[in-house]
Amino acid sequence: GLPCPGCGMTRSLLSFITFHFQESFYYHALLIPTGIFVVLLYVQKNQQKRNHLIYVWAGLMIVYYFYRMAIYFPNNPMEYQTNNIVSVLLRMFHS
């Protein structure tokens with residue numbers, strides 16, 4: 001039920017490829033940097049540098065995730081799904 005750090009990335013990509021750039025940025029601002037990181041990982045042959053790129057990308061994703069959770073949650077685009085498995089289990093045990 002809780003959104004993941006990549007929540008909205010697919011909606012962002014769909015908006016981006018249909019030239020709705022402002023909407024794409026709204027759904028997930030790290031779509032373009034993620035694409036750049038993927039390309040850099042592909043062309044980088046040095047494993048140590050690849051690991052460094054992964055750590056930088058993961059750090060950005062985590063910082064951005066907490067920012068979005070603080071600003072948007074539980075509203076769009078960081079919605080809480082009330083019918084998620086954790087909520088269902090908690091309701092079963094608390095009833």
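**The nonpolar patch**

Modeller: Phe21 counts as partly exposed because its relative accessibility is 44%, where buried means under 20% relative accessible area, exposed over 50%, and partly exposed in between (1.4 Å probe, protein chains only). The model is predicted, so to speak of local features pLDDT must be at least 70, and side-chain atom pairs count only at pLDDT 80 or more, while totals for chains, interfaces and linings use all residues. Residues are numbered from 1 along each chain as its sequence is written, and side-chain values use heavy atoms, with hydrogens and water left out.

Phe21 sits in helix H2, residues 21–27 (helices are DSSP runs of H or I, at least four residues, numbered from the N terminus). Phe21 also belongs to a nonpolar surface patch of about 1,200 Å², alongside Leu13, Leu14, Phe16, Ile17, Phe19, Ile32, Ile36, Val39, Leu40, Tyr42 and Val43. Two elements give two or more residues to this patch: helix H1 (9–17) and helix H3 (31–43). H3 supplies the largest share, six residues. Patch residues have over 30% relative accessible area and no salt bridge, and nonpolar side chains are joined within 5 Å; a salt bridge is a side-chain nitrogen of Lys or Arg within 4 Å of a carboxyl oxygen of Asp or Glu.

As for the cysteines, the structure holds zero disulfides (pairs of cysteine sulfur atoms within 2.5 Å). The sulfur of Cys7 lies 5.7 Å from the closest cysteine sulfur, in Cys4, which is too far for a bond. Cys7 is buried, at 18% relative accessible area, whereas Cys4 is partly exposed, at 43% relative accessibility.

Key. Patch = residues over 30% accessible without salt bridge, like charges linked within 9 Å, V, L, I, M, F, W, Y side chains within 5 Å. Areas by Shrake-Rupley, 256 points an atom, 1.4 Å probe, with all protein chains shown as cover.
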